[in-house]
Amino acid sequence: MDHFLYRNGTLHAEDVPIADIAAQVGTPFYVYSAATLTRHYHLFTEALSPLPHLVCFAIKSLSNVAVLKLLGDLGAGMDVVSGGEYRRARAAGVPGERIVFSGVGKTREEMRLALTGGIRQFNVESEPELRALSEVAASLGATAPITIRVNPDVDARTHEKIATGKKENKFGIPIDRASEVYAEAARLPGIDVIGIDVHIGSQLTELEPFEQAYLKVADLTRRLRSEGHDIRRLDLGGGLGIPYTRSNEAPPLPTDYGALIKRTVGDLGCEIEIEPGRLISGNAGLLVASVIYVKNGEGRDFLILDAAMNDLVRPSMYGAHHDIVPVTEPPPAAPTQPFDVVGPVCETGDTFAKARDLPALGEGDLVAFRSAGAYGAVMASEYNSRPLVPEVLVKGDHFAVIRERPTFDEILNRDTIPTWL
Ligand code: LLP
């Protein structure tokens with residue numbers, strides 16, 4: 001459920017007509033609903049209660065500082081994968097003890113940043129990283145709390161570019177080698193081994209792969225404890241999928257996911273962390289665009305929008321589907337026709353949808369891409385020198401621009417011409 005509904009014939013974000021935002025901000029823009037973000041965060045905290053837990057929002061899915069502040073103020077932790085994301089979490093007022101640091105390629109500089117600024121734990125992904133972290137922590141006279149990310153060799157049955165839990169993927173250490181790596185970690189200075197981390201992929205639409213992975217983590221917890229490690233925290237990653245179409249998809253609910261966690265690892269007495277991104281932010285955001293032209297082609301009609309692959313790359317990158325709806329509500333039995341929905345970028349890959357049935361639309365009409373809150377704005381670029389797409393947050397009848405569209409002067413001033421040229 002989200003808070004983007006038609007009222008009086010026009011699409012609203014909570015109590016704000018989308019057309020009002022478009023009139024003020026111009027298109028394209030992203031708009032997020034505070035009520036939806038809040039609701040989705042609470043679904044997870046409720047699903048995990050009464051287990052001791054922390055829901056760490058995966059910042060990579062939507063990293064605007066205003067959104068992070070909203071979630072942080074509700075008590076959320078943050079899952080970061082770079083020094084930049086760490087800085088965003090801190091700028092949003094989230095204390096270090098609620099920030100977990102994931103990622104396969106943490107640099108020594110990023111380790112220093114987190115160790116001096118405060119960190120809940122590092123999720124270590126390899127032995128070289130473990131040794132580097134030990135060196136950095138020891139040089140600072142600090143202790144780094146860690147989990148080690150294990151790769152459980154489970155097929156997440158999702159898009160190949162976002163599956164992470166098979167042994168051929170670059171993530172984590174093979175679960176079969178865990179005893180050896182934990183033993184080394186326990187010997188290293190500056191390292192405090194506190195738990196286990198796992199994340200098998202994103203946009204999972206079944207619970208079974210989670211179940212397989214979490215059962216392996218439960219076994220590993222018992223084994224590592226018997227080997228003398230004080231395993232007291234389990235980070236179970238993110239990855240729960242969302243419906244991208246209104247009709248035919250019903251991915252598992254957070255309540256079912258919570259029940260699965262309780263069933264598989266709930267009796268171990270560990271504190272549970274999860275790192276959901278998409279389920280919190282995905283259906284909390286729209287990308288709004290205007291029709292520039294309707295072009296009649298050979299056997300097909302093109303709807304040419306002012307949004308493009310640089311603003312929302314998921315369709316071109318993963319072949320992802322996003323529902324596209326007109327901002328003005330069509331009459332109930334309005335006829336539809338198939339359109340190829342495209343952007344102005346100069347490559348054929350700049351196609352959002354092929355033969356998508358839509359009601360009649362004309363120049364200047366507004367359309368909205370649904371489920372665009374996650375991996376939308378964060379993956380945007382200025383390809384074709386198109387200004388980075390702005391972001392808007394709505395709460396009730398308030399809205400605010402939370403990232404301005406850059407001016408062309410700002411864009412051009414980022415480049416410098418060397419004096420010797
Ligand atoms: N934790 C870790 C270690 C991750 O790598 C990810 C996502 C998450 C948590 C959050 O997963 P979520 O709950 O959002 O599924 N750009 C792609 C998705 C990439 C996901 C990368 N890792 C897309 O647009 O579908």
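How many Å separate an oxygen atom of the ligand from an N or O atom in the side chain of R314? Select R314 and the ligand: the distance is 2.6 Å. A polar contact here is a pair of N or O atoms within 3.5 Å; within protein, one must be able to donate a hydrogen and the other to accept it, and residues adjacent in sequence count only if both atoms are side-chain atoms.

The protein buries 92% of the 590 Å² that the ligand exposes when taken alone. Accessible areas come from the Shrake-Rupley method with a 1.4 Å probe; for residues, only the protein chains shown count as cover.

Before moving on, note that this is a predicted model: local features need pLDDT of at least 70, side-chain atom pairs count only at pLDDT 80 or more, and totals for chains, interfaces and linings use all residues. Residues are numbered from 1 along each chain as its sequence is written, and side-chain values use heavy atoms, with hydrogens and water left out.

**Around the ligand**

Select S202 next. One of its polar side-chain atoms lies 2.4 Å from a ligand oxygen. Then pick K60, where a side-chain N or O atom is 3.4 Å from an oxygen atom of the ligand. Now show the 18 residues around the ligand (a heavy atom within 4 Å). S202, E275, R278, R314 and Y375 come nearest.

**The largest pocket**

Show K60, T164, F171, H199 and Y375. Of the 29 lining residues, these lie nearest the centre of the largest pocket. Two elements give two or more residues to this lining: α10 (278–281) and α11 (314–318). Helices (H or I, at least four residues) and strands (E, at least two) are DSSP runs, numbered from the N terminus.

The pocket holds about 630 Å³ of space. On a 1 Å grid over the protein atoms alone, a pocket is an open set of points with protein on both sides within 12 Å along at least five of seven lines; a cavity is a set where a 1.4 Å probe fits but cannot get out; lining residues have an atom within 4 Å of a point.

Colour by domain. Domain 1 (4–31 + 282–412) and domain 2 (103–274) both give residues to the lining, so the largest pocket lies between them.

**The cavity**

Select F44, G237, G238, G239, L240, Y257, I274 and P276. They line the largest cavity. Its volume is about 30 Å³.

**Backbone stops**

Go to P28, in the loop between α1 (18–25) and β4 (29–33). The T27 to P28 peptide bond is cis, with omega near -5 degrees. Move to P50, in the loop between α2 (34–48) and β5 (53–58). The bond from S49 to P50 is also cis, with omega near 5 degrees. Finish at N8, between β1 (4–7) and β2 (10–13). Its phi is positive, near 50 degrees.

How values were computed: Points joined across faces, edges and corners; volume = space filled by probe spheres on them. Domains from an automatic or database assignment.
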